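Here are my notes on the model you sent.

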2 protein chains.
Amino acid sequence: MTTIKDVAKHAGVSVATVSRVINATGYVHEDTRRKVEDAVKELNYTPNEVARSLYKRKSRLIGLLLPDITNPYFPQLARGVEDRMQESGFRLIFGNSDESKEKEKDYIQTFIQNNVVGLISSTNDPDSSAYTSLDLPVVFLDRIASDRPSVYADGREGGRLAAQALMERGSKRITILQGPQHIRTAQDRFRGAAELLEDQAIDYHVVRTESFAFADAEKWARQLFDQHPETDGVIASNDIVATAVLHEAIRLGKKVPDDVQVIGFDDIPLSSLLSPALSTIRQPAYDMGRAAAELLIALVEGTPVVNRTIQMPVAFVERDTTHKKR
Amino acid sequence: MTTIKDVAKHAGVSVATVSRVINATGYVHEDTRRKVEDAVKELNYTPNEVARSLYKRKSRLIGLLLPDITNPYFPQLARGVEDRMQESGFRLIFGNSDESKEKEKDYIQTFIQNNVVGLISSTNDPDSSAYTSLDLPVVFLDRIASDRPSVYADGREGGRLAAQALMERGSKRITILQGPQHIRTAQDRFRGAAELLEDQAIDYHVVRTESFAFADAEKWARQLFDQHPETDGVIASNDIVATAVLHEAIRLGKKVPDDVQVIGFDDIPLSSLLSPALSTIRQPAYDMGRAAAELLIALVEGTPVVNRTIQMPVAFVERDTTHKKR
DNA sequence: CCTCAATGTGTAACCGGTTACAGCCATACA
DNA sequence: TGTATGGCTGTAACCGGTTACACATTGAGG
């Protein structure tokens, strides 16, 4: 490995001068600069980030903590984050937390040990001491921390949109799958939907669900049609759960959307490929990832930030599990 | 941030002794050890990995380079890698290459600058100088580099299995979607299928395809039924492409599997959720990720390795886009 | 001709760890 | 009693950069 000393020797200058050239700081004579640049090129030198990071107590690394990259919603977030970070020369250290506090703490610990300059996390508990006691810039992604930087979609509005879509398309006996209690964004969606249905004095039922995993979702889908067989409209807590509902409905010989309409949440890539294609509330996951990255970069670089919490818009995506409107 | 000096002062010993305690090296008196351990606990000290890494010229970081985490096949690989690495205390620096050599080089560069101890890559060109000139352990994942460590599925056998499955289930006029020419694993699948059909003297056509993206796949699906309308069996280059074929078949009013059978490759999570659910050749993506991680760890730690190239088994997964066999 | 500021460069300390080496003490053994 | 040996600890060099500071040179202005 070639070091700054090699370059200095090769160019016949001191390491300080080489450092000045590669960082474009201080005074360097034009001729000297050229000599150094030639040496750098000739020796194919690139500075060791570790040494830099040690002295500066800052790296170009960002920690990214997601519950599970295997869940089809998260790759899009991750990609958005990565693309934006890459544009500004930051790299990602990545971890799956499996929603376990233990793992989260573990990762945060090693992130710090590696001098990351910031952290993007989709945690269920932004108020845990693991985060509050951190003196790193943190941005919460797809999660809400009232007074701290976060980027999330307008779940409340999403819930309303879903309820309204079903209503307008003739569903009378709606069942809402509530989504995990400990995930604030899921509860916002639920509240949005429930709220609107109550306003409109529409009859609805609620089925509690505990996770977003498909295997569990099948169970709740069964339970849904078991307990509320008269249901003619389902608002699922996300697209995975909606898919399970769709399958169960078909298994029971119900026609979708004629016997029962289904709406999901997220608009993961899968949704448009199902048959019937899933109507859903779209979250702009990729853009959310980018926005979070952008926000974090501003925080890291000390650029003044006007909006520390960014709420992204959601939209109803009409496909084939809901009636065409007129 | 508390440093080793703080701990040393607090415990009334030298930094060397503290270092010995936390690394369990050299001689340390039992009483001293306890004092140091207490100080560590009290100050909540964890060693700075960056400083360590600088002196040792080795970190606990691994580079992971995938084409696109947004493609549903890769998260499973990534997760496998991550889980195994995590078990041995390694962290991942992650990047999407988009199959661009430029980006690959860029990432490899910064991986090196961060003293990663190894690299796992799904590159299309393992023989590029970017890899051959590297003096880091590299494991190629889902890609084949004849003489260098790699983990991949048996595509040839997969192709054969696919062809055989269609044949046994009565397809007479089979079309194979060839898959990108520059991806060796895709060509192996193709060759396996073509091989078997030739052996059995079965009539088949080939449609060339250039990528795995869904948007492109729709185009080729159209082309397929356009050029070879009599096709009664399709071997797709992967599940994404198979999904597009499935959609096109349904759009054309063809019954699947009665008019045309379809087989994919990969068995991504999506496949079982489609209706009809997609029959496919399964690659054990998660396990492949784990295996690659395991191999790399052995390489990094200098453990003797017997098999530097690991070929994982594939299997036919019978679902609803092929006839049930009797 | 003197002074001062701007330009240009090198020396050495520093970041936070690891480790070679030297030195000290206690015990064992001749 | 002298000496070798093992146990234990501290000092300081080192990893590869950055930067404070000192110093030299040059040209402008009085």
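1. Helices (H or I, at least four residues) and strands (E, at least two) are DSSP runs, numbered from the N terminus. The span 2-56 of chain A is 71% helix and 0% strand, and its end C-alpha atoms lie 21 Å apart. An unreviewed UniProt entry lists these residues as "domain: HTH lacI-type"; such annotations may be inferred rather than shown by experiment.

2. The model is predicted; local features need pLDDT of at least 70 and side-chain atom pairs pLDDT 80 or more, while totals for chains, interfaces and linings use all residues. Residues are numbered from 1 along each chain as its sequence is written, chains are lettered from A in the order written, and side-chain values use heavy atoms, without hydrogens and water.

3. Chain A and chain B bury about 3900 Å² between them (accessible area lost on being put together, 1.4 Å probe, summed over both). Carbon and sulfur atoms give 55% of that area. Arg79(A), Arg91(A) and Leu273(A) supply 18% of what chain A buries against chain B, more than any other three residues.

4. Each chain brings 41 residues to the contact (heavy atoms within 4.5 Å).

5. Four salt bridges cross the interface (side-chain nitrogen of Lys or Arg within 4 Å of a carboxyl oxygen of Asp or Glu). One of them joins Arg79(B) to Asp98(A), with the closest N and O atoms 2.6 Å apart. Among the elements of chain A that each supply at least two residues to the side touching chain B are α5 (74-87) and β2 (91-96).

6. β2(A) pairs with β2 (residues 91-96) of chain B, antiparallel, over three bridges (pairing takes at least two DSSP bridges). Leu92(A) has Phe94(B) as its bridge partner.

Technical notes
Buried area = accessible area lost by both parts, 1.4 Å probe.
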